[in-house]
Every structure is written in structure tokens, then in C-alpha cells.
Amino acid sequence: MRGVAILGSTGSIGTSTLRVLARQRDRFRLVALTAGSNAELLDCQAEEWRPDFIGIVNGSPSRTARERGASCLLTAATHPDVDIVVNAVVGFAGLDATLAALRAGKRVALANKESLVVGGELVLEAARQGGGELIPIDSEHSAVLQCLTDRRAEISRLILTASGGPFRDWPQAQLADATVAEALNHPTWRMGNKISVDSATLANKALEIIEAHFLFGLGYDALDVVVHPQSIVHAFVEFVDGSVLGQLGFPTMELPILYALSHPERLPDAGVRRFDPLATGALTFEPVRTEVFRAFGAGVAAGRRGGTAPAIFNAANEVAVAGFLAGKIRFARIAEVIEAVLAELRVEVASSLEVIRDADRQARTRAERMVG
Ligand code: NAD
Ligand code: MG
């Protein structure tokens, strides 16, 4: 029995993880649960699962939480009975727990891509130091990992697929004033609000390119994206001889979540819809409209630049997305805020957590000023 902690148990990935665990009770034991602010749902989960540790970061009082405040994430992430930490927190707020879990030698099943984007080198260093391992939950990166088997040294290129989001084929002029409801209406995935907006701007795909750079140790010239509206092929891996493997399936996060728990093994799971090629319809591929989805290009450029640039990109994006969701800025403004903040701030070598925190803080301040 492997012990599992879920950070962000009340979110989209958190609740999907509980559904996966409910079908694997003989393999995994739920040891810790933490939530951001939804005390009501957290209490229901706690009463059903009876984990050893329950924490809540803020929000209304919880009947079951043992610890309050951001420190509860670290307590859960380093709990002695925990082997696997599912980091399903959204945003920069997940970074400290990723670092702490890796330093404590845990497996981090990583949904919180932002922690790897902002802290890339430090996160890898924490894993080396503590003996922890990083296994992606993100479907594209799970697909890559599943295609790799033991052939990591022979990869020549990764092609991540992107659904293209709800605005894939919208004219640029119409897109500028897209509403929050339209941005959240993702064609193939049901996800939390922040990542849904990231998928609409394609900032999510830039975050994923940076995530892939750190996870698989590839340079940016070896990382491509192709738009694939059906979300059936999750990624392609090209090897040095030109052969290409892909991983396919109907869109569900339960499969990559289970794989992140069981890797390198595969476990039987009767709960996911079996694949049927006849039900997929035609599979199509098209280029990213980079001139329309400017947040994508800005994010990839920040990745290539390295240092604190990805942290600046991430912070500006988090603030702009929150501003858009709050009705303070229009959709097109998200990319403008990201571009302006990246142009304004000096990029430093990401030599320590303090340097990254500082870049994050400065970028937030600038972005907040623009969002108003
Ligand atoms: P969500 O908004 O549905 O859930 C976020 C969870 O984190 C909630 O439990 C919330 O209470 C908690 N949380 C929020 N702010 C917090 C904070 N400051 N401190 C501690 N906890 C906090 O988001 P989601 O869609 O589940 O996404 C979670 C992460 O997984 C994101 O990094 C996202 O990019 C990634 N991801 C999600 C999907 C998906 O299908 N939803 C797919 C791939 C990757
Ligand atoms: Mg993804």
C-alpha cells in the first residue's frame, strides 16, 4: 500500500484523483488532504476517506482540518506515511510543496505545472538532493512518458498536441472581446477556471513547453506544438531514427492521474471509457495561429530566455487571468499584460528561491498596476 497526499483535493484534478483512488483501494491509502478554501467539500471528503491529516489554506472554518494556512501544504507533502504527493494546487502557490516533497524523497505526481515552470532548476535540484521523483499528470507529458519506455537518450523531438481551446477558429477581431463564459467553455476538457482561460489564450501550451523542457531535458528547438481539436492524440515522440510514437485516448485526466500513481507499472482500471477508433471521427492537425494567440509566443520566448523569465511570464499570466475572470480586463488584454511585464522587467539568473520569489512579486506588482 502506497500512501497518497492530495494537495488541492477540492479542485478538478483533486476530485478526479479521488475517483481514481476509489477504484484502487487495495493499492493506495489516502493519508492527507488539503484544500485552498472550499471547507464544505473538504469536510465531505474527509468524512468519507478519514485520512490522517487534513489541512485548509484559508476560507471558512472547517470541521475536520487539523492545520490552517499555507504551511498545511508542507505538512501534507512531507508526512512520513506519504509516498506520493499529488500536487493539484493551481499556480505559484504550489511551488513550496513541490520542493518540500522532492527534498523529502517523495514521488510528486505533478498537475501543478506552474511550480516546474517558475522553479525549473531548483525543482530538479530538490529531486536530486532528496531522492524524490517528478512524474507528470499533465496529459501531454504523461503521454510522452508513456511513449519513452527506457529510450530517453534517443528522443529527437516532442510534439505536444493542443486542442486549440474554444477560440481555435475565431477571427482575431471577435476574440478581443470574448466573454468569461465563452473562455470557460472548453470544447474537450472540463477543468478549473485558471487553466481553462490558459487554454483559451494558449498560455497553457507555453507553460507545457517549459514544463516539457525541464521534465525531459530537451532544448526548445526539440519541442513543438500542433493543434489537434479532437484531443485524442496527447503527444508524439520522435526518435533519432525518425520513428514516431503517440499516446491516444478519449480525453480524461483519470488515466494520466492513475499512471502518475502507478508508473512504471500499469494497473487495471475498469472505470475509464475504453478506446474506440470508430468513435473518434477524423483526427485533424493544424498549426498554432501564433499571430492571434500572442500569449503562447511570449511564453515560449520566456522559456527560451530562461532564468527568471518563466517566473515573470507565469506571474503576469496569473494576475491577468484573475483580472479577466473578475471582469476587470477584456480577453485580448491578457496577452498585452504578459508582453508588457516581460518587456519591462530585468531577467536574472534563477539562482535561488529568493530570486524567483522576487521576480514573481515584481511581475505581480507590474501586472496588477496594468489590470487596475
Ligand atoms: P482547480 O481550480 O479546479 O483546483 C485547484 C485546487 O487548488 C483547489 O482544491 C483549490 O482549493 C486549491 N488551491 C487554490 N489556490 C490555492 C492556494 N493558494 N493554496 C493552496 N491550495 C489552493 O484547478 P485544476 O483544474 O484542478 O488545476 C490544478 C492544477 O492542475 C493546475 O496547475 C492546472 O494547470 C493543472 N492541470 C489541470 C488539468 C485539469 O484537467 N483540470 C489538466 C492538466 C493540468
Ligand atoms: Mg495539458
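Because the model is predicted, local features are reported only at pLDDT of at least 70 and side-chain atom pairs only at pLDDT 80 or more, whereas totals for chains, interfaces and linings use all residues. Residues are numbered from 1 along each chain as its sequence is written, chains are lettered from A and ligands numbered from 1 in the order in which they are written, and side-chain values use heavy atoms, with hydrogens and water left out.

The shell around ligand 1 holds 24 residues, of which T10, S12, G36, E114 and G192 come nearest; a residue is near a molecule if one of its heavy atoms lies within 4 Å of it. By class, this shell has twelve nonpolar, nine polar and three charged residues, where Ala, Val, Leu, Ile, Met, Phe, Trp, Tyr, Cys and Pro count as nonpolar, Asp, Glu, Lys and Arg as charged, and the others, Gly among them, as polar. At least two residues of the shell come from each of the helices α1 (12–22) and α5 (113–130); helices (H or I, at least four residues) and strands (E, at least two) are DSSP runs, numbered from the N terminus. Both domain 1 (2–136) and domain 2 (151–250 + 281–305) contribute at least three residues each to the shell, the bounds being those of an automatic or database domain assignment.

Taken alone, ligand 1 exposes 830 Å², and the protein buries 85% of that, with accessible areas from the Shrake-Rupley method and a 1.4 Å probe; for residues, only the protein chains shown count as cover.

V89 also takes part in a contact within the protein, as the side chain of N87 reaches the backbone nitrogen of V89 at 3.2 Å. A polar atom of the N87 side chain lies 3.1 Å from the backbone oxygen of G94. N87 belongs to strand β5 (residues 84–87) and is buried at 1% relative accessibility, buried meaning under 20% relative accessible area, exposed over 50%, and partly exposed in between (1.4 Å probe, protein chains only).

Five aromatic pairs were counted, a pair being two rings of Phe, Tyr or Trp (its six-membered ring) with centres within 6.5 Å; planes under 30 degrees apart count as stacked, over 60 as edge-to-face and the rest as tilted. F250 and F275 form a tilted pair, at 5.5 Å centre to centre and 50° between the planes. F250 lies in the loop between β11 (244–248) and α11 (254–262) and F275 in the loop between α11 and α12 (294–305), so the pair ties together parts that are 25 residues apart in sequence. F250 is buried at 11%, whereas F275 is partly exposed at 38% relative accessibility. The rings of F324 and F331, with centres 5.5 Å apart, have their planes at 75°, so this pair is edge-to-face.

Definitions and conventions:
Polar contact = N/O pair within 3.5 Å; in protein donor to acceptor, adjacent residues only side chain to side chain.
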